[in-house]
Amino acid sequence: MNMFRRLKVTMGAALAVGLAGTLAVHADEQFFPLQSYRVGPYAAGGTGFFGGFIDYLNLINIRDGGVNGVKLTWDEGETQYEVERGVEVYERLKSHPGIAAWNPLSVGIAYAMIDRITKDRVPLITINHGRTDSTDGRVFPYVFPLLLNPYSETSGIVNYIASREGGPDKLKGKKIVVLYHGSPYGKETIPIYKLLSDKYGFSLEQIEVPHPGNEQQSQWLSIRRAKPDYVVLRGWGVMNPVALKTAQKVGFPADHIIGNVWSNSEEDVIPAGDAAKGYIAITTQASGAEYPVLQEVIKTVYGANKGNLDDKKRIGSVYHNLGIVNGILNVEAIRIAQAKFGKRTLTGDEVRWGFEHLQLDPARVEALGAKGLFHSINVTWDNHEGDGRVTFQQWDGSKWKVVSDWIAPDWAFLRPIIEKSSAAYAKEHGIRIRTSGDDPVSQ
Amino acid sequence: MALLASTKTNRPTAETLWIGIGIVVAYGVVPLAGSDYLLDAVLTPFLVLALAAVGLNVLTGYAGQVSLGSAAFLAVGAYAAYNLHLRVPGLPLLVDVVLAGGIAAAIGIVFGLPSLRLRGFYLAVSTLAAQFFVQWALTKFGWFSNDNPSGVIDAPVLRIGSVSFATAAERYVFSLTIVVVLTLLTLRLLRSQSGRNFIAVRDHEIAAKVIGVPLLRTKLLAFGISSFLIGVAGVLWAFAYLRTVEPAGFNLDRSFQILFIIIIGGLASLRGSFIGAAFIVVFPLLLSRIGAAVLGRVFDSGVLEMSQHIVIGALIIVFLIAEPRGLIALWDRAWSALRPARRPAIPT
């Protein structure tokens with residue numbers, strides 16, 4: 001009996017402390033639930049991206065005391081890039097008060113969350129990846145594939161090749177081979193490459209590399225037979241360095257291999273050694289630590305010993321900078337929403353409004369200390385991608401160097417394809433298509 | 001021996017009583033008292049994995065055929081149910097689930113054919129072929145995912161007649177009902193002549209053949225039943241738990257996970273399947289929550305995750321050395337120490 005009573009008292013006390021903790025959180029905090037992956041096969045991407053994201057949130061907290069006084073908080077749950085772990089973390093963290101947005105950085109987890117976040121009315125950010133048709137904010141009010149969806153990426157790569165050849169009309173008669181990862185991600189752009197090849201008149205061959213892609217001898221032999229002008233590398237993980245090494249073996253020049261946005265990191269080229277020298281890849285955010293915002297992160301956050309990366313050499317790497325850019329976009333969406341709704345903890349719907357008005361022109365980007373890091377973004381209620389520009393970088397053996405201007409994908413050409421797909425989704429799921437930027441539920 | 005013992009069909013009533021209490025708690029108390037997190041992220045995956053483990057246990061634990069293809073049959077069930085739902089308008093959900101299980105069973109029987117010639121490791125390797133083939137086919141042919149560009153499908157909302165299962169508690173009840181019904185049916189099957197045939201084939205194939213057990217039929221029946229159960233578990237995994245599916249979610253790791261559930265829980269024990277599933281689902285969550293609460297400020301989540309792998313791995317090794325017959329043997333020993341008179345003839 002005595003033990004029971006003691007147990008009760010302890011539990012009561014624990015409950016009280018827990019309640020006090022939850023109440024304290026209500027006081028002007030905006031929470032980011034992070035479904036990060038720091039172990040497993042994709043840890044390089046996970047540690048870099050989430051490291052950069054947390055570094056930027058820390059910078060805002062330390063330098064500015066939060067966004068207009070609202071502190072940014074976060075909690076991490078490890079997913080190992082696995083869908084069911086992502087769902088578990090979602091269920092665990094979703095009842096936390098003051099959630100701003102979810103940023104899973106995984107197509108699979110994002111797909112599993114679309115229904116859930118729509119019901120919970122909280123934004124889901126899939127920067128540089130995600131479901132292409134979620135660009136259509138009329139059907140997906142809470143999903144934001146910011147900066148770049150897979151179709152825009154494809155169009156950007158073709159436009160870059162065109163500019164290297166001296167104009168879109170010069171693409172006629174050229175030959176492009178797309179070497180893609182044998183996974184849903186890798187196959188996503190097959191139809192769009194076909195469309196672009198019909199449009200511009202280049203001949204096209206798309207070759208699959210089965211997952212995980214550590215053996216590519218036969219693929220590169222067929223590439224050698226095909227004698228293409230360019231090879232587009234749509235890889236992931238170990239497939240990328242192996243492709244570069246095998247290309248060197250069969251004598252294909254690295255500067256005619258164009259990597260996509262998941263083949264563009266230091267982790268993809270360093271293991272390939274000098275075979276990667278000259279290799280070119282698309283990116284939405286330049287690498288390097290010379291941008292003012294990164295200098296401030298180094299000074300303020302790493303100076304206070306609060307930096308998230310264990311290896312400081314990775315500051316300014318592609319994934320880290322993607323995390324920083326993701327931080328900027330999330331924080332600015334909150335700032336924009338606060339200007340309308342007040343300087344307090346916002347609801348998910350209010351933050352969604354912020355993302356739907358996330359318009360950062362190059363001048364604003366410069367004021368944020370990110371000039372050259374990324375170009376601009378212009379999200380509207382029906383365009384959730386926000387017309388991100390892309391640039392191309394070349395590996396010189398030790399670092400990435402930007403070799404192009406900011407290039408615009410052919411959005412007008414892509415939009416009808418996206419709308420067709422989102423309309424099919426709306427029909428399948430009985431979703432009413434929004435006709436204005438108003439509250440998606442009250443319409 | 002097992003063959004003789006199993007002819008005794010009278011069960012102790014206490015066991016039935018406990019099952020009754022369990023069902024009342026599972027239906028009456030849990031959906032009302034449980035939080036969304038408990039229902040959606042813990043109990044539903046637990047039920048689904050337990051059903052898959054029951055399926056594998058029929059094949060491996062009872063009939064003695066080792067399989068590494070469980071995840072493939074999960075995938076077949078999930079994709080079959082999705083495509084049936086998509087392409088046959090107006091098909092009732094329950095019929096859809098049963099047909100999806102049937103398709104998984106048919107594919108299971110095809111991949112079970114080598115079991116007539118192969119045994120042990122060699123059979124395991126041939127079921128591995130199922131694992132790779134199914135995953136490859138689902139990625140290769142866009143038709144299976146309705147030509148969705150990224151190959152990921154969204155599951156439809158669960159609906160029986162005019163009743164829809166949209167909340168966490170409702171999805172839990174839906175899964176629970178299917179799992180309970182199928183487990184009870186499996187229990188009946190295992191206590192029938194077919195179940196005794198399974199055990200005979202497992203214990204001594206030649207002796208079984210000599211006393212007139214039809215090997216071909218028995219083995220293929222085991223593959224069929226097992227794949228049916230795993231296929232239905234796949235439907236639940238896709239429709240009730242994740243509500244989305246991609247082929248990569250059904251990789252070899254998942255097959256091993258289900259195999260570990262039955263090894264840790266206890267081979268040839270349906271209760272063991274549930275205890276093993278509870279261990280595999282709940283224990284890592286518990287460890288990671290405790291780890292995060294105690295050491296979260298000191299280490300980042302990556303380090304915690306690593307150490308959690310080490311702890312679980314070490315526990316499994318220690319555990320298997322100490323009790324190779326699984327958690328259920330520990331349970332039974334504890335139980336019989338409390339009530340020495342009531343001990344089931346064979347564990348089920």
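1. Two residues are in contact when their C-beta atoms, placed from the backbone, lie within 7 Å. This is a predicted model, in which local features need pLDDT of at least 70 and side-chain atom pairs count only at pLDDT 80 or more, while totals for chains, interfaces and linings use all residues. Residues are numbered from 1 along each chain as its sequence is written, and chains are lettered from A and ligands numbered from 1 in the order in which they are written.

2. Between the chains, 23 residues from chain B and 27 residues from chain A take part in the contact. On the side of chain B that touches chain A, helix 3 (36-62) and helix 13 (301-322) are the elements that give two or more residues, helices being DSSP runs of H or I with at least four residues and strands runs of E with at least two, numbered from the N terminus. Helix 3 of chain B gives the most to this side, with five residues.

3. Chain B has 14 helices and four strands, and its C-alpha trace spans about 55 × 50 × 40 Å along its principal axes. Among its contacts between residues at least 6 apart in sequence, 79% join residues at least 24 apart.

4. Of the 348 residues in chain B, 47% are buried, a term that requires 20 or more other C-beta atoms, placed from the backbone, within 10 Å of the residue's own.

5. In chain A, the domain assignment, which is automatic or from a database, gives domain 1 (24-148 + 288-388 + 419-429) and domain 2 (151-283). The C-alpha centres of these two domains of chain A lie 29 Å apart.

Technical notes
A residue is buried if 20 or more other C-beta atoms lie within 10 Å of its own, exposed if 12 or fewer, and partly exposed in between; C-beta atoms are placed from the backbone.
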